[in-house]
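Please look through the sequence and the structure shown here before reading the report.

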Amino acid sequence: MTKIKIKVTKDILARSANCVSEIEGGANCALALAIRDIFPDANVQYGVIIPNQQDFAKACLEINGKEGLGMCNSEIIKRELGFKTSGVIMTFMMYFDTSTPEQREMMKEEEFKLELPDWAVSKIGNGEIEEAKKIISSSKTLEFV
Amino acid sequence: MKNTSSKTKSTTMPRNATLFLSQKRGVSTWTDILGDEHPIEIFEGKRKPISNLQSYIQRGYKFSENRKEELKKAAIMKKFIGALMPDIQEQFLITRRINFKK
């Protein structure tokens, strides 16, 4: 398990101010942008982060077929395609999602701790821990705890 | 003469003109942004419509032309991920409702 800090900076808030949570909340809103350096194709949902949403989509089709789109439930965790986040992060997400673009730009910067399971760390960069450390260290929105 | 006039109008339009401005020219629904192949209804365990585009515009959202592709891509993924972990989401929503009451 690797512990990191996610920093939702003013720049992130400004860039995600127009994010339509209903459609693109998981992919383009504040937290998704804040972790983009390590997971460029992540999808951040209430309670879970999917490091690679394309992998998830494929698995979901495989599990449920076309009829089951969006109904993969806990299969994602069993297959190590997603990991849980904290309640504080989810509270922030709801606050962000229910705010207008103007309110989002006026929000103050926030920091959140996040525990990355080992399998998720192995999805960063080329999968080597050294590269993961390098990417996190050079990120403006991420930091080791 | 007609063609020339039309061309001039098109090239003088700012490239990042928002859909808010374009709205007067007929862009008023999600289908105008996402296209017909991306239905307005999305999966959330059961089908649930996305809020009206106009309600977003009224709240100050601006939809630049260069975000169309981003929104389209996200809409596709939303079909897959929309109902992810409904049991867990339900628990957290209840928790958050309690938090907000405090």
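## Basis of the report

The structure is a predicted model.

## Nonpolar cores

The largest nonpolar core has 36 residues. Those with the most contacts inside it are A:Leu31, A:Ile35, A:Ile38, A:Phe39, A:Phe92 and A:Leu116. At least two residues of this core come from each of the following elements of chain A: strand 1 (2–8), helix 1 (10–15), helix 3 (30–34), helix 6, strand 5 (110–116), helix 8 (118–121) and helix 9 (129–138).

In soluble globular proteins, nonpolar side chains tend to be buried together.

## Helix 6 of chain A

Helix 6 of chain A comprises residues 87–97. Its buried residues are A:Ile89, A:Met90, A:Phe92, A:Met93, A:Phe96 and A:Asp97. Viewed down the axis of helix 6, these buried residues fall within an arc of 160 degrees, so they line one face of the helix. In an α-helix there are 3.6 residues a turn, so residues three or four places apart point the same way.

One of the buried residues of helix 6 is A:Phe92. Leaving aside residues up to four places away in sequence, A:Phe92 touches A:Val8, A:Leu13, A:Ala30, A:Leu31, A:Met107, A:Glu110 and A:Phe112.

A:Ser99 is placed in the loop between helix 6 and helix 7 (101–106) of chain A. Is A:Ser99 buried or exposed? Its relative accessible area is 5%, and a residue under 20% counts as buried; A:Ser99 is therefore buried.

A polar atom of the A:Ser99 side chain lies 2.6 Å from the backbone oxygen of A:Tyr95. With residues up to four places away in sequence not counted, A:Ser99 touches A:Arg104, A:Met107 and B:Tyr61.

## The disulfide

How many disulfides does a search of the whole structure find? Over all chains, the search finds one. A:Cys19 and A:Cys29 form a disulfide, with their sulfur atoms 2.0 Å apart. The link is left-handed, with -95 degrees about the S-S bond.

A:Cys19 lies in the loop between helix 1 and helix 2 (21–28) of chain A, and A:Cys29 in the loop between helix 2 and helix 3, so the pair ties together parts that are ten residues apart in sequence. A:Cys19 counts as buried, at 2% relative accessibility. A:Cys29 is buried too, with a relative accessible area of 4%.

Notes. Residues are numbered from 1 along each chain as its sequence is written. Chains are lettered from A and ligands numbered from 1 in the order in which they are written. This is a predicted model: local features need pLDDT of at least 70, side-chain atom pairs count only at pLDDT 80 or more; totals for chains, interfaces and linings use all residues. Side-chain values use heavy atoms; hydrogens and water are left out. Buried means under 20% relative accessible area, exposed over 50%, partly exposed in between (1.4 Å probe, protein chains only). Helices (H or I, at least four residues) and strands (E, at least two) are DSSP runs, numbered from the N terminus. The arc is that of the directions from the helix axis to the C-beta atoms. A polar contact is a pair of N or O atoms within 3.5 Å; within protein, one must be able to donate a hydrogen and the other to accept it, and residues adjacent in sequence count only if both atoms are side-chain atoms. Contact means heavy atoms within 4.5 Å. A nonpolar core is a set of buried Ala, Val, Leu, Ile, Met, Phe, Trp, Tyr and Cys residues joined through side-chain atoms within 4.5 Å. A disulfide is a pair of cysteine sulfur atoms within 2.5 Å.
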